Number of protein chains: 2
Amino acid sequence: MRTVIENGWILTMDSADTCYENGYIIIEGDRITHVGKSPVPADLLAGASHVDAGGSIVMPGMINTHCHVSMIPFRTMGDDCPDRLRRFLFPLEEKAVTPQLVYWGALYGIAEMLLSGITTFLDMYYFEDQVAEACRDAGIRGFLGETVIGQKTCDSEAPYGGLDYGRKFIQKWKGDPLVSPLIAPHGTNTNQPEFLEKAYALACEYDTLYTLHASEMDYEMDYFAREYHQTPTEFLHALGVLSPRTLLAHCIHMTESDLDRIAAAGASVSHCIGSNTKAGKGVSPVKTMLERGIPVGLGTDGPSSGNTLSMFTQFRLFASFHKTENRDRSLFPARDIVRLGTRTGAKALGAADRIGTLEPGKQADIVMVERNSINMFPCYNPYSALVYSAERANVDRVWVAGQERVRHGRLTGLDETEIRRRLLEQMPDFLEKSREFASII
Amino acid sequence: MRTVIENGWILTMDSADTCYENGYIIIEGDRITHVGKSPVPADLLAGASHVDAGGSIVMPGMINTHCHVSMIPFRTMGDDCPDRLRRFLFPLEEKAVTPQLVYWGALYGIAEMLLSGITTFLDMYYFEDQVAEACRDAGIRGFLGETVIGQKTCDSEAPYGGLDYGRKFIQKWKGDPLVSPLIAPHGTNTNQPEFLEKAYALACEYDTLYTLHASEMDYEMDYFAREYHQTPTEFLHALGVLSPRTLLAHCIHMTESDLDRIAAAGASVSHCIGSNTKAGKGVSPVKTMLERGIPVGLGTDGPSSGNTLSMFTQFRLFASFHKTENRDRSLFPARDIVRLGTRTGAKALGAADRIGTLEPGKQADIVMVERNSINMFPCYNPYSALVYSAERANVDRVWVAGQERVRHGRLTGLDETEIRRRLLEQMPDFLEKSREFASII
């Protein structure tokens, strides 16, 4: 089965940033076989099904390197409440999150990501098996890790239950075409050091990614300074858990030596500009990270922290924040920002051989962004249009692994209304338990 | 003719921030006559036409306090080019902007604003008569000023031609129900002082607003320091042009004494966070401005500078930037940000008696934001949903002065496709002339 996408403004995001103002892509099975400038060679058209991109921007599926997708039920709850993680998110999660809520929350959030052009996401949460099922049911690519944390959780009475859950989860999903399992200790200061090490040993044993929140919180920085006279990064380095399999989420508060250690270890960073700045936490030094060769992907964070599950929100915030931090309009031209959300994101996930660009041999993860809506005209520079103008609603068609998951802004295989209905069915107990926090949310 | 809007989550944005989770609004002619909690009193229903808001968020029409709407043809052109105003915007405007381009660009941009829930905008440009015609044709509320500037422009061979044009423009449009004419000297450093004074005298003579760019550019700050040993604000104050009729756009670089002078004069500020930060210029000290009682409205700036003509873009950027600047998540909770885009914006335009809130006696400028789309669920806090999640595509219905201008996301009185076609017809000469700048755009 061969599909030809024609008449697109194709941004391959390959290493030369090759772009065809009028180009084509050919998909066979789950892969891209050809990308080029129109016209399509006649011999490739025979027997193929045909998609007219109608001048749309065609780009690689966007890659969301940090999420807690199942947190949909928390969205718009106490957005402006300081220290919300400890004041109501942790306690409410522990009391009220169920496997069903995780599944339907994940399916809802995955639908939202597909509709906004995200074809791959990294997730860390509880009952991660349910997130994996949702990925399989929705046909999105997931890098999924069970959370390991030194406290009672919704899926473990005992602290660190995620370690056993995580081992079984990795064993179950290893080798799946869409789900790449990994292990996700919650953060630098929410695990005792030996459990950070144990989780790392598990990642090494099964050759998976290892992701955790790092250098995000003021109190985390204070804790490591006080207890260890170290930064969290120095601490992780001394523990021996920084390597190319390590993906650090946030990294807001960084010293020069932190950046040296991350770069030398070959570790990656997930930068969540929307979540970090909505919380007033600060701006990660991404310019310096990239100068040192650290792969930096973009992340929406969970819908409770970042609200939209759209990379376009991150693009616009990224541009404004990093240009302003550096007082330089020319820094991070739009193309460089789109690259972070595609090719560099793939690299941060250790998956650059399979996804992140439109090139022959890569997985057919493809997004078509229409230019007919009022906000998308004129378009002299498609990267500019994506970074400064586009929104979720401009996403027209999406393929993951060669399967069309969104057509004309609608899910092909899922019923949005039904997902919301099923999620709502799971929410009464959650809402009841949230009343305990009514005064702060 | 009476219209009843029922079953809305009504954010009145009145001085008590009154909100009805299930409420109604009644419109008669161009005004709101009643706002309240459901059910609607039976005697008010008789003979009325009925709109079911279906749980949508119903808010005052948003107010865009700074724009150059006719710059649509420039959008995505050289977005990341430093000093683009002097390097290609001024020269290309002077060579290529025609009355027809201004009219069709304005109509296009006005359509975009209506579709994103903006019902009032302030504009400064050339051939401003064409912008006024576009407002009348589209049925949007415009505070419009011809630009006065000390150089040749597209509508005047001689410098300062805008002063004569502006006088005629004010005479022509004064008293119009939708168009409020004003005068708009371009900026502090692009007019000789006597012309800033002449423009101010004109504003006083006709009792109009007076708006200009101020404290926006690094080179502007340097110029006043060098030439006058003053800040631009000190200079404007000494010139006697700061008063309640003065609306200063941008005000990024402010001293304490600048803020004192603006507050004491009763002048207002238009804050364009998207445009300012995309340019890497810096973040205006809005927290301090508001503490001193300065009315601060939000502005999209022109589509060349701000790209989207959507207040939602400004809301999200505003939250992230001001919380981060002040390292305080609790600062500017979402409701305060929505207030800037509605009630405070009206105050900044000197129009708080007519627009900016949903109250009996006010103009019926009303926006309905649906909550069915995937990004708008859940919604515990409608302000949060507007600031952190909403986008143009969530705007369902819009009324200006009691006239429905958008229904179910479509313009009622204008044909979007036809506007784009007519605008494109006007663009070949503009595009030809833009080639001169091909190396930088």
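Me: How many of the 17 residues of helix 3 of chain B are buried?
Reply: This is a predicted model, where local features need pLDDT of at least 70, side-chain atom pairs count only at pLDDT 80 or more, and totals for chains, interfaces and linings use all residues. Residues are numbered from 1 along each chain as its sequence is written, and chains are lettered from A and ligands numbered from 1 in the order in which they are written. A residue is buried if 20 or more other C-beta atoms, placed from the backbone, lie within 10 Å of its own. Helix 3 of chain B is mostly covered, and its buried residues number 15.

Me: Which helix of chain A gives the largest share of the side that touches chain B?
Reply: Residues are in contact if their C-beta atoms, placed from the backbone, lie within 7 Å. The contact takes 49 residues from chain A and 49 residues from chain B. Seven residues, the largest share of chain A's side, come from helix 12.

Me: By what turn can chain A be laid on chain B?
Reply: Copies are superposed by least squares on C-alpha atoms of residues with pLDDT of at least 70 in both. The RMSD is 0.0 Å, the shift along the axis is 0.0 Å, and the turn is 180 degrees. That is the relation of a two-fold axis.

Terms used: Contact = placed C-beta atoms within 7 Å. Helix = DSSP H or I, 4+ residues; strand = E, 2+ residues; numbered from the N terminus. Buried ≥ 20, exposed ≤ 12 C-beta atoms within 10 Å, placed from the backbone.
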